[in-house]
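Reader: I am new to reading structures, and I would like to go through one slowly. Could we take it question by question?

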Amino acid sequence: MAAPGQTTWKVIDACEFRWRIWDNQFVVYNPASGDTHLLNQVAGEALRCLQEAPADAAELTRRVAVRTDIQVDAQLLAKINDFLDELAELGLIELVPS
Amino acid sequence: MHDRELLYAALRDPSTMVDLELAQWDLLIRQARYARLLGRLAVLLEERDLLECLPQKVRDHLTAARVVARKNETTMRWEVDRVGKMLAPTGVPVILLKGGAYVMAELPPARGRLYSDLDILVPKSQLSLVEQTLLEQGWEPQKLHPYDQRYYRQWMHELPPLIHRQRRTSLDVHHTILPETGRLHPDPEKLFQAARPLAGEWPKVLAPTDMILHSAAHLFQDGELAGGLRDLTDLDDLLRHFGPQEGFWDQLVPRARELDLARPLFYALRYSQRCLESPVPDSVVDALRPTRPSWPVRFLMDALVTRAMRPGHPDKTCWGSVLSTWLLYVRSHWLRMPPLLLASHLFRKALRHWYEEEDD
Amino acid sequence: MNLGDLGFENLRQQLRHRGVFVRTGPFVCHLRSPLCDVAEAIDFAYADFPLVDRGGFADFHVRLARPPGLRRWVRPQVQFYLDGRASLKPFPVRLAVPMLEWGLNWCVASQAHQYMMIHAAALERDGHAVLLVGRPGAGKSTLCAALVFNGWRLFSDEIALVRPDDLRLVPLPRPISLKNESIEVIRRFAPGARIPWQWEDTTKGTVAHLAPPTDSVLRADQTAPAAWVVFLDYQPDADTRSRRLPRGTALMRLARNAFNYCLLGSQGFETMARLIESSACYEFRYSDLNKAIARFDTLPQPDRDHAGS
């Protein structure tokens with residue numbers, strides 16, 4: 001979980017993800033860990049956004065909503081927050097040192 | 001060229017491999033694979049742009065070995081990354097040992113290497129904290145027979161190996177580089193003082209002299225010589241890599257004495273020179289003369305080591321090599337443990353082999 | 001010269017001593033065994049396979065023999081040696097022939113990383129190959145055997161070899177392993193099928209071997225691109241039904257069924273992704289073998305770009 005005051009996320013250094021986007025399925029391969037992940041549209045767009053530029057949860061939610069044509073609401077923000085924790089656990093993203 | 005010479009010749013001068021007949025390749029590939037050096041051969045040929053000259057069948061085997069070595073490297077780098085994320089916040093100084101150090105410091109022994117475990121050295125006073133941190137974050141002790149658990153903790157120099165719950169990778173946490181019950185006692189504090197950081201403060205690796213001494217100690221005092229030729233090639237690589245560095249040779253023998261590792265260094269340099277023609281200055285050999293064992297021991301060791309290192313023919317059991325390897329196994333355990341302890345350890349291990357199913 | 005040209009006695013002698021060098025797909029296997037039933041099985045199942053010059057290069061040096069020591073006589077065992085080393089647990093000696101097949105599969109799957117290897121049956125017709133993927137019990141081998149009797153060329157019943165450079169499948173035709181009920185099913189389905197022996201009480205139940213068709217063996221050097229990937233689901237009394245799988249789902253499932261997807265790293269991902277992109281992926285439920293084969297006759301021809309097909 002993000003500590004207070006430390007909320008901006010980024011993909012880990014030297015992360016050269018390989019992507020396949022087929023319909024609304026995002027398959028991403030992380031060469032650093034050797035893991036392959038199948039993500040739905042929201043999750044996939046969220047990771048792609050972070051790969052483009054670091055963001056905190058609120059900013060990320062806004063960007064994802066734009067790309068996926070979904071409304072920004074508390075539910076989406078909660079999903080994004082959970083997802084960020086999972087991605088961190090998997091070693092795909094980390095908090096930017098404050 | 002005699003069968004036995006194939007692998008040595010390939011290691012000493014990789015360009016000679018392009019002249020090999022298919023039947024010789026057949027043998028070399030099997031010997032190298034068993035010695036865990038096939039990936040190394042593949043890299044040596046790749047570095048010299050010689051792969052295209054080789055027959056397709058041979059290239060296939062080298063390609064396969066490269067695949068495995070590359071994956072090993074990725075896995076090791078990721079493990080170091082993950083373990084670092086867990087341990088760096090604790091502030092405990094950590095030194096990467098052996099393969100982990102070679103790959104992260106991009107040293108020659110990393111080329112085409114197969115890794116088994118990640119080995120780290122931590123101060124004994126911090127061992128509990130490290131163990132606790134790791135256990136809380138996805139590592140668990142390998143399931144060991146209670147006797148082996150005791151063996152590791154009480155008598156050896158490491159925690160029982162830890163396995164990561166999801167990744168199933170293996171981590172060995174050491175607090176010295178040789179067992180406390182052994183005869184030689186290199187002071188880990190000195191190793192920490194001389195250790196060099198890589199990028200940032202985490203992790204550290206041993207100073208060049210210490211890395212070589214650790215490799216020598218591992219090969220000639222610690223391990224069962226199962227690593228054999230592969231570990232000797234590591235040593236040879238390190239000697240060639242660090243040799244040209246300013247002051248290296250001058251520091252090596254004094255440091256060996258300081259760490260109580262002069263005898264292993266003697267053996268290491270002797271056999272590295274004999275088997276792999278490592279360039280060692282005469283002055284260094286002379287400086288080690290006072291530490292060398294009596295001639296009967298030297299004579300026996302020469303016979304044992306060169307035979308055990310010799311890559312055998314896969315189809316013919318060379319009883320000399322088998323016996324040599326067994327004798328060296330006993331020797332290395334003798335050096336680790338006082339004789340009474342040794343007898344009971346071997347006896348119990350033998351009993352378990354007969355009466356219990358071993359896990360895969 | 002083929003192995004069958006040796007004659008049984010000659011073969012037996014060679015197996016006992018210097019061994020035979022036989023080509024199986026892209027691999028040369030050096031086989032040795034003093035056991036009579038192993039010689040008989042090799043004589044039966046590998047008669048069409050080409051012999052290779054002795055003293056050249058073999059990819060696998062294999063020996064099946066009783067291990068030395070007590071287990072030679074008490075509950076006798078057989079051991080599979082690769083390069084003189086026994087890496088597999090020994091079997092009861094009566095199961096030497098199944099052990100040979102499993103052992104040869106193990107050799108390939110544990111070493112041939114110049115390919116991406118998928119745990120699947122592979123067959124070819126009209127220049128295109130299909131992969132059959134399924135859990136044990138999904139009927140992969142049964143369907144594979146039945147398709148072989150229905151005009152499909154056998155590439156493999158267990159290990160599909162994919163060449164990363166051009167994604168072509170490489171044949172590895174060897175005896176097809178049938179288990180339990182499928183042995184009777186195939187005997188009924190193809191009365192001409194030669195299945196001379198079966199072995200009971202293996203870890204997978206009863207096992208029998210079907211010799212690969214001569215044509216498949218003779219054309220083992222002819223590769224083909226994969227056009228279809230079919231995930232099998234055998235359900236008793238189910239209708240025959242297939243549905244297209246989304247590509248992401250198909251990739252993950254196929255990767256889980258590959259022997260060395262993870263080992264191949266980035267190249268593995270790229271190879272798998274391109275394979276999925278260039279083939280049509282289906283989930284296929286069935287219970288009736290004849291209906292299944294009929295459905296396979298109607299697999300859509302691959303088109304150049306698979307957008308929306």
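This is a predicted model: local features need pLDDT of at least 70, side-chain atom pairs count only at pLDDT 80 or more; totals for chains, interfaces and linings use all residues.

Reader: What percentage of the residues of chain C count as buried?

Author: A residue is called buried if 20 or more other C-beta atoms lie within 10 Å of its own. When this is applied to the 309 residues of chain C, the share that counts as buried is 48%.

Reader: Among contacts in chain C between residues at least 6 apart in sequence, what share joins residues at least 24 apart?

Author: Here we set aside pairs that are close in sequence and consider contacts in chain C between residues at least 6 apart. Of these contacts, the share joining residues at least 24 apart is 72%.

Reader: Which helix supplies the largest share of the side of domain 1 of chain C that touches domain 2 of chain C?

Author: The domain assignment divides chain C into domain 1 (3-111) and domain 2 (116-297), and 15 residues of domain 1 of chain C are in contact with 21 residues of domain 2 of chain C. On the domain 1 side, helix 2 (36-45) and helix 3 (96-111) of chain C each supply at least two residues. The largest share, 7 residues, comes from helix 3 of chain C.

Reader: At what angle do helix 4 and helix 9 of chain C pack?

Author: Two packed helices are described by the angle between their axes and by the distance between those axes. The residues that meet are C:T142, C:L143, C:A146 and C:L147 in helix 4 of chain C, and C:L289, C:A292, C:I293 and C:F296 in helix 9 of chain C; by class they divide into 7 nonpolar, 1 polar and no charged. The crossing of helix 4 of chain C and helix 9 of chain C is right-handed. Their axes are 10 Å apart, and the packing angle is about 65°.

Reader: On the side of chain C that touches chain B, how many residues are charged?

Author: Between these two chains, 14 residues of chain C are in contact with 17 residues of chain B. The chain C side has 5 nonpolar and 8 polar residues, and the number that are charged is 1.

Reader: How many helices and strands does chain B have, and what percentage of its residues count as buried?

Author: The secondary structure of chain B comes to 16 helices and 7 strands. Of the 360 residues of chain B, the share that counts as buried is 39%.

Reader: Is B:R183 buried or exposed, or something in between?

Author: B:R183 is placed in the loop between strand 5 (170-174) and helix 8 (188-194) of chain B. A residue with 20 or more other C-beta atoms within 10 Å is buried, and one with 12 or fewer is exposed. Because B:R183 has 14 other C-beta atoms within 10 Å, it is partly exposed.

Key:
Residues are numbered from 1 along each chain as its sequence is written. Chains are lettered from A and ligands numbered from 1 in the order in which they are written. Two residues are in contact if their C-beta atoms, placed from the backbone, lie within 7 Å. Ala, Val, Leu, Ile, Met, Phe, Trp, Tyr, Cys and Pro count as nonpolar, Asp, Glu, Lys and Arg as charged, and the others, Gly among them, as polar. Axes are lines fitted to C-alpha atoms, for helices over the stretch in contact, and angles run from 0 to 180 degrees between N-to-C directions. Helices (H or I, at least four residues) and strands (E, at least two) are DSSP runs, numbered from the N terminus. A crossing is left-handed if the near helix is turned anticlockwise from the far one by less than a right angle, and right-handed if clockwise. Domain bounds come from an automatic or database domain assignment.
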